[in-house]
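Please find below a note on the model, arranged as numbered points. It is intended to be read alongside the sequence and the coordinates.

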2 protein chains.
Amino acid sequence: MPTMQTPIRTPATLPSLVELVDVGPRDGLQNEKQPVPAAVKIELVHRLQAAGLKEIEVTSYVSPKWVPQMADNTEVMSGIQRLPGVRYSVLTPNLKGFEAALRDQPDEIVVFGAASEAFSQKNINCSIAESIERFAPVVDAARAAGIYVRGAISCAVGCPYEGYVPPESVKYVATLMSSIGVQHIGVADTIGVGTPLKVQRALDAALSVYTVDDISGHFHDTYGQALANTLAALEMGVWQFDTSVAGLGGCPYAKGATGNVATEDVVYMLHGMGIETGIDLDALVDAGQYISEQLGRPSGSRVARALLAKRAG
Amino acid sequence: MPTMQTPIRTPATLPSLVELVDVGPRDGLQNEKQPVPAAVKIELVHRLQAAGLKEIEVTSYVSPKWVPQMADNTEVMSGIQRLPGVRYSVLTPNLKGFEAALRDQPDEIVVFGAASEAFSQKNINCSIAESIERFAPVVDAARAAGIYVRGAISCAVGCPYEGYVPPESVKYVATLMSSIGVQHIGVADTIGVGTPLKVQRALDAALSVYTVDDISGHFHDTYGQALANTLAALEMGVWQFDTSVAGLGGCPYAKGATGNVATEDVVYMLHGMGIETGIDLDALVDAGQYISEQLGRPSGSRVARALLAKRAG
């Protein structure tokens, strides 16, 4: 038997209930090359909520010049037949976007910042601190309007430019977000390079600023690590995760590679562990199959592929 | 915060070193439809050992009538330029197979049994107990010849016919294998339906018969759960795993679905966690790319796909 190493942070129990935010319609489709009609996006949201999803990241209020895929934000938001108990969130990159979003009455908005200075500079041409400062009026306006504010911390374990991102950087962004009134943070492994201990250290850093009830995990499956990272997070008591139906959303930093972890794969693991999600896996697989057919490509979910192969005999 | 559930068995430390057995040449290629020339199999073994694999499951001594893909067993075994410190194992389903294998001087043989009576009956037309009893003379002969004997316990968490397989069934097969002198057991999630707590319970059952140093995990990635299951096993101190380069080996129970977990994906996780394997990931990806090109299909490894996409820019 080899010698043993690194203690791992694990309480003796796991959450009995997990809440998933399906980010497929926004974070997923935004990274898909081909345009998707608003009616298809609306149908996808309808199928996700029918499958039991209680929160859906619907769209983004960003300039159509930069993200043409989300130009139909108002059309999509106003076309959704909302279900009571379901929360609809949207990405708002600035005050102008927030004001447009406000008219469409989202339940939550998402603001964002990177844990890597290089990523922040390359993506939004400013420092991490400046990017968070710019969000302050957005957060103020949202909270004044009674809208819940989530913050997404990208590159929380690795960066395509800087490589390794230390936990201290996650704590730094979390502290900045907390200072402007962000109510919940998502610790995002944007490029999927995280592995369980690194993810636990990043979450541990976030936990020095936010409580476990105000932290989500957002793991990409580019290197197939997302479920192991989800397990590692569950073991710390984290019970909220972002996932994307059918694994929608490629990885812009590695062509042909997988992006967001598939909701189906996470649900399969959770249900297999006796953890409730309120989601009907079969209906979810159907929702994923619907959008995969619309995109004309196989689902990015291994669970969906295996279950569909089984159904086909 | 939701209430908490099920204690999970986790010592405070993780193994610092993990040994992987690459089962691609045997368990992997056996499930590939197209014939693969012996020279390609030999080259694959050479590339795996050059990448740092210390154990390789090379072939099977089973009737070519049943498994034509392994009819070249002697040609492959005698064509390998063996490296000191590397162990070469082969599957031997019966005494006739073992006698043929013996002439080719394997370091280890693998015998097998299912943890599901239905699977045993459908696959080898006898009960679990009968199947293990039939292996007794094979094990005797191997140990008399100084050859190490591994036992593979298939369907250790789920069965395509019976569904759920209880941990008691794993304990039952492990006890039978121990009684005939099998020295090491592999707890195999043959159809990939396992999730972390189920896998931990199956391993826990195995641990009531064998020590942790004599147990391997063998997880299929059909539902994308293999890395999470590997993490769950590591947390119990299990430090030996079977994996398959490029994820070779489809799942015969779900067409088009993934089978064995890819060695590359496991190595990526382990190295990311600071756990040593002695394997050079880049050389391993190249070995996987070699066999994938020979088979004319993309690698089943997410790590390989992401790294190759990155190399291509």
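1. At 32% relative accessibility, B:Arg47 counts as partly exposed, where buried means under 20% relative accessible area, exposed over 50% and partly exposed in between (1.4 Å probe, protein chains only). B:Glu43 is likewise partly exposed, at 28%. The two residues form a salt bridge whose closest N and O atoms are 2.7 Å apart; a salt bridge is a side-chain nitrogen of Lys or Arg within 4 Å of a carboxyl oxygen of Asp or Glu. B:Glu43 and B:Arg47 are 4 residues apart in helix α2 (residues 38-50) of chain B, and are therefore separated by about one helical turn. An α-helix has 3.6 residues a turn, so residues three or four places apart point the same way.

2. On the basis of the values: this is a predicted model, in which local features need pLDDT of at least 70 and side-chain atom pairs count only at pLDDT 80 or more, while totals for chains, interfaces and linings use all residues. Residues are numbered from 1 along each chain as its sequence is written, chains are lettered from A and ligands numbered from 1 in the order in which they are written, and side-chain values use heavy atoms, with hydrogens and water left out.

3. How many salt bridges does a search of the whole structure find? The total over all chains is 24. In chain A, the side chains of A:Arg87 and A:Glu55 meet in one of them, at 4.0 Å from N to O. A:Arg87 lies in strand β5 (residues 87-91) and A:Glu55 in strand β4 (residues 55-60) of chain A, so this pair ties together parts that are 32 residues apart in sequence. Helices (H or I, at least four residues) and strands (E, at least two) are DSSP runs, numbered from the N terminus. A:Glu55 is buried, with a relative accessible area of 7%, whereas A:Arg87 is partly exposed at 34%.

4. A further salt bridge in chain A joins the side chains of A:Arg311 and A:Asp286, at 2.9 Å from N to O. This pair links distant parts of the chain, 25 residues apart: A:Arg311 is in helix α12 (residues 302-311) and A:Asp286 in helix α11 (residues 281-295) of chain A. Both partners are partly exposed, A:Arg311 with a relative accessible area of 47% and A:Asp286 with 33%.

5. Strand β11 (residues 215-219) of chain B is mostly covered, with 5 of its 5 residues buried. B:Ile215, B:Gly217 and B:Phe219 point one way from the strand, and B:Ser216 and B:His218 point the other way. In a regular strand the side chains alternate between the two faces of the sheet.

6. Which strands pair with β11(B)? Strand β10 (residues 184-189) of chain B pairs with β11(B) in the parallel sense over 5 bridges, pairing being assigned if DSSP finds at least two bridges between two strands. B:Ser216 is the bridge partner of B:Gly186. The chain crosses from β10(B) through helix α8 (residues 196-207) of chain B to β11(B), and this β-α-β crossover is right-handed; that is, with the strands pointing away from the viewer, the path from the first strand over the helix to the second runs clockwise. Strand β12 (residues 240-243) of chain B also pairs with β11(B) in the parallel sense, over 2 bridges, and B:Gly217 stands opposite B:Phe241 in β12(B). β11(B), helix α9 (residues 226-234) of chain B and β12(B) make a right-handed β-α-β unit.

7. B:Gln225 is found in the loop between β11 and α9 of chain B. Is this residue buried or exposed? At 0% relative accessibility, B:Gln225 counts as buried. Not counting residues up to four places away in sequence, B:Gln225 touches residues of chain A, including A:Leu227, A:Asp265 and A:Tyr268, and residues of chain B, including B:Gly192 and B:Thr195; contact means heavy atoms within 4.5 Å.

8. As for chain A overall, its secondary structure comes to 12 helices and 12 strands. Buried residues make up 63% of its 313 residues. Among contacts in chain A between residues at least 6 apart in sequence, 75% join residues at least 24 apart.
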